[in-house]
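Have the structure open while you read.

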Amino acid sequence: MSELILHRNLDDPDGVYADLVAAHDGLSKAESDALTARLVLILVNHIGSRDVLNAALQAANKAGTLE
Amino acid sequence: MSKSFDLPLYPYARHADQDQDQDRPARHPVVIVGAGPVGLAAAIDLALHEVPVLVLDDNDRVSTGSRAICFSQRTLQILDRLGCGQAADMGVTWNTGRVFHGAGEVCGFTVLDEDSHKHPAFVNLQQYQLEHILVQRAQALAAQGGPLQIRGRNRVEAIGTHDDHVRLSVSTPEGDYEVHADWLLACDGANSPTRRMMGLDFVGRAFEDNFLIADVVMQADFPTERHFWFDPPFNPGQSAMLHRQPGDLWRIDLQLGRDIDPEVEKRPERVIPRLKAMLGPDKDFALEWVSIYKFQCRRMERFRSGRVIFAGDSAHQVSPFGARGANSGIQDADNLCWKLAAVVKGHAPEALLDSYEFERVYAADENILSATRETEFITPSTQASKLFRDAVLALAETQDFARPMVNSGRLSRPTSYDESTLTSPDADGLPDITRPGAPIPDAPVPGGWLLDQTGGDFCLLWVNGAPPPDLPQLALPLRVVHIDPVQAPLVAQRYLGDAARAAYLLRPDQHVAARWRAPETKPLIAALARALSQPEAAHV
């Protein structure tokens, strides 16, 4: 079983970030949220592991509690 | 400390050009409009190439505060070549940046340069100090008989463009006069009057947020580091930056948001409480300069319009977080001046100047992309953009993978002219950092530094080379430099890699034009012709 990757794994983090943000240009809040939901589902399918998803959820939740 | 911007360094003085018969105005090979860092660097470079140059400036002194403060290694190398190497010593060297979110530190970066370049990665120096150094150098050159003049309080009021020259109407305290120029360099800043008079475009993206930029004099024991805050307790919901300059002067940027009145926010009674919130209530400080900006990323479509060439902020403008403004302007001058000198002297066709536009538009687009991305991260323009930005900052506190996405400004690097028409096809198996088009990396060599042996002229750099092939008589000077890789291991690492030997043809601006593992005369001559846009390059 593969583990959740939390080390730096992108060659071009600025470019990837810019693509993510640009995908939402011109969308309403509802459209933008819907895009994010579809994107998450596509990426979850790509990952193909409930364990990895749960580890990712945990990491995301943990970061949120520090706000 | 006395401030050089209070002194008229090039006061108005009547010149014989003003007494010319109106029908036959004086004609100059090159006139530069604007005695800022770019115009002065260009003037010095052209004078060193023995091209007569006249600088016209509407003022008679260096600019006042709150402009460029951060100068990159490439700029310091260019300044050194121009005889202004003391800029590096006068500046504050720094190599650490820290980024804070709320009350905590989220990440940091170092621009630490191993001790293998003559100049540090960055120094901070007030723009007026740099301008002062450049004016002194220009005046010293003129005093030694160099073909360079700076005329203060000479304002260009009108421009007439012709196929082979430009007419300038110039106003002075003693009335107007006309001069003609074979070539005009517009180095007159982001609001370029030259660009406006010629009705040329300047398009791009304007950002909505206002930033308070303050230069503050204070005794402080803050470290010599770049500190950047997202949403700090002293400026909630906004960003802030603190950066040291020489002489107890500190640059502070405070984001103010969109819907503010800049005239009101500029008042000391509004500025001082903001700074006290940041620096602490008991900190003594004095304001040297305060201004409020909105940032823009834009450029001209073409940097050359016939006999008029734009360089620096007149041609392109970026938001300031990555040190891309003055640095890219000085790199424009570095790129342009050897080409213009070659054209003026008849060593190269006018087509060589097209490569200035191609290469520096390429650099401007690289800079605008980086500046747009960092400004979007610092001041998200949409709700979704802010959501992702805040998510990155939240994750970065615990997750290392998110830290490279935190963008408080990616510091500028010199552009490699990878697609340039001036470069020749690459040789196999040599290091990527010294590929054709790249700015050459410095390295220690016996008795000094590699870069000090290059620049100004074309240079043939032999690393572990056999004796050079026979070269025919060339129109241009070609310096030949031999480096023994055993005595200069970092030259070997950066210029040879695994190869046993190599030869590099370096342009006068210290970029690689061509390189070979086993050079012969014919390809060398062809590469030199190509680097000068000479037509014979086409059929080699």
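## Two helices at an angle

Let's start in chain B, where H2(B) and H8(B) pack at an angle of about 45 degrees, with their axes 9 Å apart. Bear in mind that this is a predicted model. As for handedness, H2(B) and H8(B) make a left-handed crossing.

Which residues make the contact? From H2(B) you get B:Arg74, B:Thr75 and B:Ile78, while H8(B) brings B:Asn327, B:Ile330, B:Gln331 and B:Asp334. Sorted by class, the residues where H2(B) meets H8(B) come out as 2 nonpolar, 3 polar and 2 charged.

## H8(B) and its other partner

H8(B) also packs against H9(B): their axes come within 9 Å and cross at roughly 170 degrees. That angle is over 145 degrees, so H8(B) counts as roughly antiparallel to H9(B).

On the H8(B) side, the residues involved include B:Ser328, B:Gln331, B:Asp332, B:Asn335 and B:Leu336. Among those they meet on H9(B) are B:Leu352, B:Leu353, B:Tyr356, B:Glu359 and B:Arg360. B:Gln331 is worth a click: it takes part in the contact with H2(B) and in the one with H9(B). The contact of H8(B) with H9(B) has 9 nonpolar, 5 polar and 4 charged residues.

## Where the domains of chain B meet

Zooming out, chain B is split into domain 1 (4-16 + 26-92 + 113-202 + 297-354) and domain 2 (432-539). The C-alpha centres of these two domains of chain B are 28 Å apart. Across the boundary, 16 residues of domain 1 of chain B are in contact with 17 residues of domain 2 of chain B.

The helices from the sections above turn up again here. H2 (73-81), H8 (325-344) and H9 (351-378) of chain B each supply at least two residues of the domain 1 side that touches domain 2. Which helix gives the most to that side of domain 1 of chain B? That would be H8(B), with 4 residues. By class, this side of domain 1 of chain B holds 7 nonpolar, 5 polar and 4 charged residues.

Chain B has another packed pair to look at: H1 (residues 37-48) and H4 (residues 127-143), whose axes come within 9 Å and cross at roughly 25 degrees. An angle under 35 degrees makes H1(B) roughly parallel to H4(B). Their crossing is left-handed.

H1(B) puts in B:Pro37, B:Leu40, B:Ala41, B:Ala43, B:Ile44 and B:Ala47. Facing them on H4(B) are residues including B:Leu130, B:Leu134, B:Val135 and B:Leu141. The class count for the contact of H1(B) with H4(B) is 11 nonpolar, 1 polar and 2 charged.

## Chain A against chain B

Between the chains, 21 residues from chain A and 18 residues from chain B make the contact. H1, H2 (29-47) and H3 of chain A each provide at least two residues of the chain A side, and H1(A) has the largest share, 6 residues. That side of chain A has 10 nonpolar, 5 polar and 6 charged residues.

## How confident is the predictor?

The complex gets an ipTM of 0.94 and a pTM of 0.95 from the predictor. Mean pLDDT is 92 for chain A, with 94% of its residues at 70 or more; for chain B the mean is 93, with 97% reaching 70 or more. In chain A, confidence is highest in H1 (residues 13-22), at 97, and lowest in H3 (residues 50-65), at a mean of 90.

Conventions. Residues are numbered from 1 along each chain as its sequence is written. Chains are lettered from A and ligands numbered from 1 in the order in which they are written. This is a predicted model: local features need pLDDT of at least 70, side-chain atom pairs count only at pLDDT 80 or more; totals for chains, interfaces and linings use all residues. Domain bounds come from an automatic or database domain assignment. Two residues are in contact if their C-beta atoms, placed from the backbone, lie within 7 Å. Ala, Val, Leu, Ile, Met, Phe, Trp, Tyr, Cys and Pro count as nonpolar, Asp, Glu, Lys and Arg as charged, and the others, Gly among them, as polar. Axes are lines fitted to C-alpha atoms, for helices over the stretch in contact, and angles run from 0 to 180 degrees between N-to-C directions. A crossing is left-handed if the near helix is turned anticlockwise from the far one by less than a right angle, and right-handed if clockwise. pLDDT is the predictor's confidence in each residue, from 0 to 100. Angles under 35 degrees count as roughly parallel, over 145 as roughly antiparallel, 65 to 115 as roughly perpendicular and the rest as oblique.
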